Amino acid sequence: MDRILLHASNFRKNVRERMKNYPDYAILNTDQCGFQYEMTTARTLASKGEKIVFAYAQSPKNLVTHSYTVQYVISAEGSIVGNVYVCLQEQKGKMGPRVERILFLAPNVTISSSKSGKLSSYLFSDFLKQILAQEMKEDFLLVIDSWNGQVNPMLYQNVFGQQNNRPECEISIIPEKCTPYCQPLDTTFHRQLKNLARRIINYADVFIDPFGVNPEDKLTSRKGVIKLQSLLHHQLSSPVFKNMIKYSFYSSGLIDQKESFRNVEEVCFNFGPLDSAVCLVDACNNSRFIKCSRCCQVLCYNCFFFDFHTVNCSS
């Protein structure tokens, strides 16, 4: 453990020196985050001593055990950079032409697929082209972990640099086993991402009748996954979470300035005495579920998820 902490400390010193050459908006961190198609809790309620304990899941077993991957980019300025890159798990590794024709598209989600639902080196290259190459107009520093699929310098030379008429990308690789201490996305952001996702999924499990929902709209479907990830990105990219993202760089030891911030629970689910107890969308009086982090409107689950608030938000 002491050796790991020493490596982490040395990495921080090194990357801090490099960071002096870049403005905050050009200091980036990217990482993958896995999601199960159906997120279930590891705990259940049972009497002490019971030999067989039953649990409940709405979807077939393969959706409980299978997963997909999302990849975010955040900056030290406190913003999410570009779309969220989502890699779905597909049986043949890619979607067929019929699925592609009818696939639900969200404005802030870039979609790919693989057999495992995880990124390969090829898909990471696609991520660089689809997300970072579209967003970055100046030279930038990219902090990444030591996953083999992204550490080859050629991946970046093939996309960035003068030879490609694009800005230079300098990479800084976090030493192995040091990501829990040095990766901004891991130390703060991904926790808030998962907390918000669990809130949405848990509400659906308890209050939404799965037999009354169109199969295409279920959270475990392709459309449901894309909707969920779009709504998560839409909420977390609100200016109200700027300090939370900046705090991610502080909690990983890459900057000294500690920002106070409101978390997902405080922003989206902390209702005050002046907040409506019912949804504020016209002609809807369903019980409230969430307060949008962007427009601050109180919404029920149906208006937030099924009606897809990403495109209906007034902000």
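Student: Which residues do ring pairs link into a cluster?
Tutor: This is a predicted model. The linked cluster consists of Tyr203, Phe207, Phe269, Phe289, Tyr301, Phe304, Phe305 and Phe306.

Student: Which charged residue sits over the ring of Phe269?
Tutor: Phe269 belongs to the cluster. A charged end lies over its ring, 4.3 Å from the centre. That charged end is from Arg199.

Student: And which one sits over the ring of Phe305?
Tutor: Phe305 is also in the cluster. Here the charged end is 5.4 Å from the ring centre. The residue is Lys227.

Student: How many aromatic pairs does a search of the whole structure find?
Tutor: The search covers the whole structure. Tyr85 and Phe127 form one of the pairs. The total is 20.

Student: What kind of pair do Tyr85 and Phe127 form?
Tutor: Their centres are 5.6 Å apart, with 75 degrees between the planes. Planes over 60 degrees apart count as edge-to-face. So the pair is edge-to-face.

Student: How many residues apart are they?
Tutor: Tyr85 is in strand 3 (residues 84-89). Phe127 is in helix 4 (residues 121-135). The pair links distant parts of the chain, 42 residues apart.

Student: Are Tyr85 and Phe127 buried or exposed?
Tutor: Buried means under 20% relative accessible area. Both Tyr85 and Phe127 are classed as buried.

Student: Is Phe207 buried or exposed?
Tutor: Its relative accessibility is 58%. Exposed means over 50%. Therefore Phe207 counts as exposed.

Terms used. Residues numbered from 1 in each chain as written. Predicted model: local features only at pLDDT ≥ 70, side-chain atom pairs only at ≥ 80, totals over all residues. Heavy atoms only, no water. Phe/Tyr/Trp six-rings, centres within 6.5 Å; stacked < 30°, edge-to-face > 60°. Helix = DSSP H or I, 4+ residues; strand = E, 2+ residues; numbered from the N terminus. Buried < 20%, exposed > 50% of the residue type's maximum accessible area, 1.4 Å probe, protein only. Lys NZ or Arg CZ within 6 Å of the ring centre and 35° of its normal.
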